[in-house]
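Please look over the model shown here before reading on.

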Amino acid sequence: MTTPQPNAEPYPTTRPILVVDDDRKIVALVRAYLEREGFTVITAYDGREALSQARAEDPALIVLDLMLPELDGYEVMRLLRADTDVPVLMLTARSSLPESIIVLEKGADDYLPKPFSPAELVVRVKAVLRRVEQPGKAPVATPKATTLMQNDLTIDTERYEVRRGDELVPLTPVEFKLLVTLVAADGRALTRDQLLDAVYGSDDGDVLDRTIDVHVGRLREKLGDDAEQPLYVMTVRGVGYRAAPQLTEA
């Protein structure tokens, strides 16, 4: 196993990265590459240990293998999502499109099929953290106000909160960024490429257009939105998506 040389400039995050895999060689390799970039890394080798570590250490991100002893990655993520929106980068031994879509539908923020390049994993970890902890300039409209309104939704961009009426709607960082990007566009239709760029921070050719469709589906489900008569997100056929028009009082 080749160990990377140390990097003098640490990546600016104070919380650890949790790496979970039952293959100790993979864990050691990923840990070496992440520590080279200045990350603090904690580890786990089965699903129950992963839950314990996540709840005790409050990691900034979890690199989570799908096939784990005790509890698999899906179950770990389901239990975590009950009380936290910690970003998850899922590792899967299967690289088919249906499997990748399922991983995203289950709540992962990104995925990486095995075998993978440790250097690519580091890039993806940084990309997820960049949009969660350090939201950058997007190529589409960036909201100037700290509060956005979309029909009965109130979107607080400082608190990262969305409320439907008085009800708090729990969204992942990706879903929140997607909603803010659409609402801030003031009714303009945005292509899937524009939304990928805004949500993922760069034009990543490895991220499929279908990824946005999956996230929109999850966002609609959480908001209770009807794709046929939407209040929040409209499909623009052949283009992408836009925010639904504001309702006017009779």
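In helix 3, which covers residues 73–81, the buried residues are Gly 73, Tyr 74, Val 76, Met 77 and Leu 80, where buried means under 20% relative accessible area, exposed means over 50% and partly exposed lies in between, with a 1.4 Å probe and protein chains only. Seen down the axis of helix 3, these buried residues fall within an arc of 160°, so they line one face of the helix; the arc is that of the directions from the helix axis to the C-beta atoms. This is a predicted model, in which local features need pLDDT of at least 70 and side-chain atom pairs count only at pLDDT 80 or more, while totals for chains, interfaces and linings use all residues. Residues are numbered from 1 along each chain as its sequence is written, and side-chain values use heavy atoms, with hydrogens and water left out.

**Start of helix 3**
- A side-chain oxygen of Asp 72 reaches to within 3.2 Å of the backbone nitrogen of Tyr 74 at the start of helix 3; helices are DSSP runs (H or I, at least four residues) and strands likewise (E, at least two), numbered from the N terminus.

**The largest pocket**
- The largest pocket holds about 360 Å³ of space, a volume being the space filled by probe spheres set on the grid points, which are joined across faces, edges and corners.
- Its lining is made up of 20 residues, of which Asp 85, Tyr 160, Leu 171, Thr 172 and Pro 173 lie nearest the centre of the pocket.
- Helix 5 (118–133), strand 8 (161–164) and helix 6 (173–184) are the elements that give two or more residues to this lining.
- A pocket is an open set of points on a 1 Å grid over the protein atoms alone, with protein on both sides within 12 Å along at least five of seven lines, and its lining residues have an atom within 4 Å of a point.

- Arg 218, found in helix 8 (residues 209–223), is buried, with a relative accessible area of 8%.
- Leaving aside neighbours within four places in sequence, Arg 218 is in contact (heavy atoms within 4.5 Å) with Leu 104, Glu 105, Gly 107, Ala 108, Thr 172 and Glu 175.
- Leu 196 lies in helix 7 (residues 192–200) and counts as buried at 8% relative accessibility.
- Leu 196 and Thr 211 are 15 residues apart in sequence, and their C-alpha atoms are 8.2 Å apart in space.

**A partly exposed loop residue**
- Leu 231, in the loop between helix 8 and strand 11 (233–236), counts as partly exposed at 32% relative accessibility.

Note on methods:
On a 1 Å grid over the protein atoms alone, a cavity is a set of points where a 1.4 Å probe fits but cannot get out, and a pocket is an open set with protein on both sides within 12 Å along at least five of seven lines; lining residues have an atom within 4 Å of a point. A polar contact is a pair of N or O atoms within 3.5 Å; within protein, one must be able to donate a hydrogen and the other to accept it, and residues adjacent in sequence count only if both atoms are side-chain atoms.
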